[in-house]
Amino acid sequence: MNTTQSNRVDAELVLESVDPMMHLTNDLNDLGLDLDNDIAVIAFLGCVARRFGEAQWILFTGESGCGKTFLRSVIRDCVPKEERIAYEYATEKALLYRAPADGGHLDLSQYVLIGDERKSGKDDHAYLRTLYSEKSLDYSVAKADGTMTLKLKGRPALLETTTDSGISIEDQNRRMILVVDESEQKKEKIVEYKNKVAARSLDIDPDQITEIYQEVQRMLPQVECVQIPYSEGIIPKVQSLSAISRAHDQLLTTTKAIALMRHKKRHIDKKLLICELEDYDLAHYLLSPLHNALVSGVEDQERDMILSIQKKVSAMPMANPKKNRFTTNDIGAWVGLIRGTRDRRIKKAVEAGLLRQVTVGRRGVAHEYELGDVQAILTQVQLFPNSQELRASGYR
């Protein structure tokens, strides 16, 4: 049996297993993503969603050196090679010129765009926004003898990374923004994993695992309709958020993608796939951190920084002057962030009320801060009902 046939057999075993999602989780751990496992699963599902026309645009964000590019590369390698397109921001219109010159459409619906590092202050080109929203585009370009219309159709998936925290609201609304773990433990694990790869001492072959998931994606059916029978009960508990529609769409899409991965155990007839409540249960769990950040206005990055500061301050004796006031340098030493990242996080924490600035720094005088009303701000508020609540309301 050749390698391709072997991978196909293994992929079939994944899809026929008791739960393919458990296989995926375990295999992503083996690929060195254990501390970023949940967001890796979300990203994988965002790519899978192209099989029913709802491909997601994934943006991994975090400080430099936290493993964003490695994470993107692993998910990229799980995508069939013939369905990947490198997308470079320096030549972003190159995607347009892949369209046939004879006026025919270029169908991107089953492709995954692999973006490079998103530049600071960079906004999407207008044609990309149109393609995401409308899933089709006619773009006229000038020629010496008149004009030529380039036509794209279908919304591709997109994987990209950034350290920039200033993404425009228009671009945010077209992305699932996934915060990468930035802990010291994570950085140690990255080094440990790379050393094992270099020494060829891993218990598994990373290439073999990613090739199996390429086959898994090739085997997924392209369904025309995915039904969520209990969707009328998925009503947001907080209605005032501007991003509520985006969060709701992402929750529904992730539920559908999970059902597609489990399609061997689901009812599927005439290209209609029906989701079960356990599909929603997993989607709700995976996306809850993103939704909590929407409700509180605090991203996981700022949340983790504040909790680290709070833990450090709480452990100090009452007589320690830093128990009530601490400096920018104190925060840097306690949290372990590089200067630029630290300063951006502090600014956002002040805006959210997690920190209060009590002394404005100047020559010879340091910036000083104190903790704000952390408990009230960080209290977890569930944005959408969980599966138990849906069952209690009569949904099955």
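Predicted model: local features only at pLDDT ≥ 70, side-chain atom pairs only at ≥ 80, totals over all residues.
**Entry 1: helix α10**

I started with α10, which runs over residues 277-296 and has 20 residues. I looked up its reach from first C-alpha to last and found 27 Å. That is close to the 28 Å expected at 1.5 Å a residue.

Where does α10 bend? I found a bend of about 50° at Ser288. A proline, Pro289, follows within four residues.

Next I listed the buried residues of α10. Among them are Leu277, Tyr280, Ala283, Leu286, Leu287 and Leu290. The list also includes Asp279, His284, His291 and Asn292. Ala293 and Ser296 are on it too.

How many salt bridges does the structure hold? I noted 32. Side chains of opposite charge can pair when their charged atoms come close.

I looked at Arg218 with Glu82. Their side chains meet in a salt bridge at 2.9 Å, N to O. The pair links distant parts of the chain, 136 residues apart. Arg218 sits in helix α8 (residues 206-219), while Glu82 sits in the loop between α4 (68-77) and β2 (84-87). Arg218 is partly exposed, with a relative accessible area of 32%. Glu82 is also partly exposed, at 45% relative accessibility.

Arg218 has a salt bridge with Glu215 as well, at 2.7 Å, N to O. Both residues lie in helix α8, three residues apart, about one turn of the helix. An α-helix has 3.6 residues a turn, so residues three or four places apart point the same way. Is Glu215 buried or exposed? It counts as buried, because its relative accessibility is 8% and the cut-off is under 20%.

**Entry 2: Glu160 and Arg175**

I then checked Glu160 and Arg175. Their side chains meet in a salt bridge at 2.3 Å, N to O. Glu160 lies in strand β7 (residues 157-162). Arg175 lies in the loop between α6 (169-172) and β8 (176-179). The two are 15 residues apart in sequence, so the pair ties those parts together.

I looked up burial for both ends. Glu160 is buried, with a relative accessible area of 0%. Arg175 counts as buried at 1% relative accessibility.

**Entry 3: a network**

Last, back to Glu215 and Arg218, whose side chains meet in a salt bridge. Elsewhere, which residues do shared partners join into one network? I wrote down Asp19, Arg262, Arg266, Glu276, Glu278 and Asp279. Asp279 is one of the buried residues of α10.

Note on methods. Residues numbered from 1 in each chain as written. Heavy atoms only, no water. Expected span 1.5 Å × (residues − 1). Bend = angle between axes of the 7 residues up to and from the residue. Buried < 20%, exposed > 50% of the residue type's maximum accessible area, 1.4 Å probe, protein only. Salt bridge = Lys/Arg side-chain N within 4 Å of Asp/Glu carboxyl O.
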